[in-house]
Amino acid sequence: MTSLYHTEESPAVTEWNTGTDGADARTTGEDLGFDSREPSVGEMERAERASLRRVSGLSTELSDITEVEYRRLRLERVVLVGVWTEGTSAQAEASLAELGRLAETAGSEVLDGVVQRRDRPDPATYVGSGKVRELRDIALAAGADTVICDGELAPGQLRQLEEKLKIKVVDRTALILDIFAQHASSKEGKAQVELAQLQYYLPRLRGWGDKMSRQAGGRAGGGNGGVGTRGPGETKMETDRRRIHKRISKLRKELASMSTIRETKRSRRVANAVPGVTIAGYTNAGKSSLLNALTGNGLLVEDSLFATLDPATRSARTPDGRPYTLSDTVGFVRHLPHQLVEAFRSTLEEVTRADLLLHVVDGTDPAPQEQVSAVREVVSEISAEQGGSVPPELVVVNKADSLDNTKVVELRRLLPEAIFVSARSGEGIEELKGALADWLPKPDVYVDALVPYTRGELVSRVHTEGELVEREHTAEGTRLRAKVRTDLANALEPFVTTG
């Protein structure tokens, strides 16, 4: 087994105390170097998220349905374990390294990580009975209280591992679900995460058999209750399972109604023929940072995996003034749990309905091609289920300011048509805006119309949505010669001149 992580001493924390002597204790924001401007929405969200702290010592055993609905994994000191079944050793180590970043995002401290080479995971204990004993020794020596497996465990594997290791066991799917539960902020996002959690935990409920019976046999559980009344009756686990099914049904109805609202908003943009660009990419590739750089909005930006989950749509304009919308989507990851794909399906539909897919790639990642493949796989799957086709794709390599010449040459060979930008420094943003203007559909209907002065809104639309060729003010109205989209051409039809 190959060790990938080592314990490091945490740096000392310095505490600052202020005095109580009136003026000496008063310090202005400028003295401390604070920015006096109003904080953006993203900055406030980041401050709120940083203020949260995990509470240690709480049980994660299921005692009521509410614990399933809002379950949080109490991860503290963890050991990672993966099974290398295919690919190279570097790929196996990269997968475990990504698992380590996921664990740290969830709030845990990674103590050690091991990989086992097998043809396939052991059906009983994931790593085999002999390796389980070694894993137990590693966890005891490191002082770990949780083992995280780099894969989705079957209910039987999860139960046997915990029985043999005597500590909590979490798989990759549960870990990602926990991160999503921490970061979801909107009503729809919380409902989507809760639905995914319930679908995951439903086959993994643990009960206590007839000790939690809800029915008493005849004569308070005696043996003389008559036919059909003896036995354990309905167990607590069965009751939980039924209640979870009801909750899943309710959540699906709520999400369907929310999807209707989003469809209404989307139909308005379609009716106005506003082109849509959807930003997609691997988690922590810089999608939100890029949207901020293109639109000037203050969305939450954080150097962590799955920092933002709720989709955001913002308006923008090309350099020549044409309007379009930019939509940010949830990040992708290798082996994205199918429960999340199912729960976030309505959100991910934004990807398939876009006029252009802005595929953001993290240029500093050691294996960018695998990130690109993971994103394209999910997009293709969703497009196939929707019965549509994958929209045109414009690849953008972000974090170009952190790349050396060798890495740039390698990336240009792998992604020859990509545009290199840095959302942080602004490098390449103007080039990207120009590329977006070239990719987006342009007005193609030529009109020559005399618009009355009472219809000034049509003149304004020609200026903002079309390409004005000539304008002339006359006694009857404004004479416009311009290229416009079909919907605007139809609106101008009553005023088109014949000569």
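Two strands pair if DSSP finds at least two bridges between them, and strands here are DSSP E runs of at least two residues, while helices are H or I runs of at least four, numbered from the N terminus. Welcome to a predicted model, in which local features need pLDDT of at least 70, side-chain atom pairs count only at pLDDT 80 or more, and totals for chains, interfaces and linings use all residues. Residues are numbered from 1 along each chain as its sequence is written, and side-chain values use heavy atoms, with hydrogens and water left out.

- Because 7 of the 7 residues of β9 (residues 356-362) are buried, the strand is largely enclosed by the rest of the structure; buried means under 20% relative accessible area with a 1.4 Å probe, protein chains only.
- In a regular strand the side chains alternate between the two faces of the sheet.
- On one side of β9, Leu 356, Leu 358, Val 360 and Asp 362 are buried, and on the other so are Leu 357, His 359 and Val 361.

**Nonpolar cores**

- A nonpolar core is a set of buried Ala, Val, Leu, Ile, Met, Phe, Trp, Tyr and Cys residues joined through side-chain atoms within 4.5 Å.
- The largest one has 41 residues, and Leu 80, Ile 148, Leu 175, Phe 180, Phe 332 and Leu 340 touch the most other members.
- Elements giving two or more residues to this core include β2 (77-84), α3 (89-105), α6 (172-183) and α13 (368-386), and the largest share, 7 residues, comes from α6.
- Apart from this core lies another, of 21 residues, among them Leu 326, Leu 358, Ile 429 and Leu 436.
- Beyond its neighbours within four places in sequence, Phe 332 is in contact (heavy atoms within 4.5 Å) with residues including Tyr 282, Leu 348 and Val 375.

- The 15 residues of α7 (187-201) should span 21 Å at 1.5 Å a residue, and the end C-alpha atoms are 21 Å apart, which agrees; the expected span is 1.5 Å times one less than the number of residues.
- α7 is mostly covered, with 13 of its 15 residues buried.
- The whole structure holds 1 aromatic pair.
- Tyr 200 and Tyr 201 have ring centres 5.0 Å apart and planes at 75°, so the pair is edge-to-face; rings of Phe, Tyr and Trp (its six-membered ring) pair if their centres lie within 6.5 Å, with planes under 30 degrees apart counted as stacked, over 60 as edge-to-face and the rest as tilted.
- Both Tyr 200 and Tyr 201 are buried.

Terms used: Buried means under 20% relative accessible area, exposed over 50%, partly exposed in between (1.4 Å probe, protein chains only).
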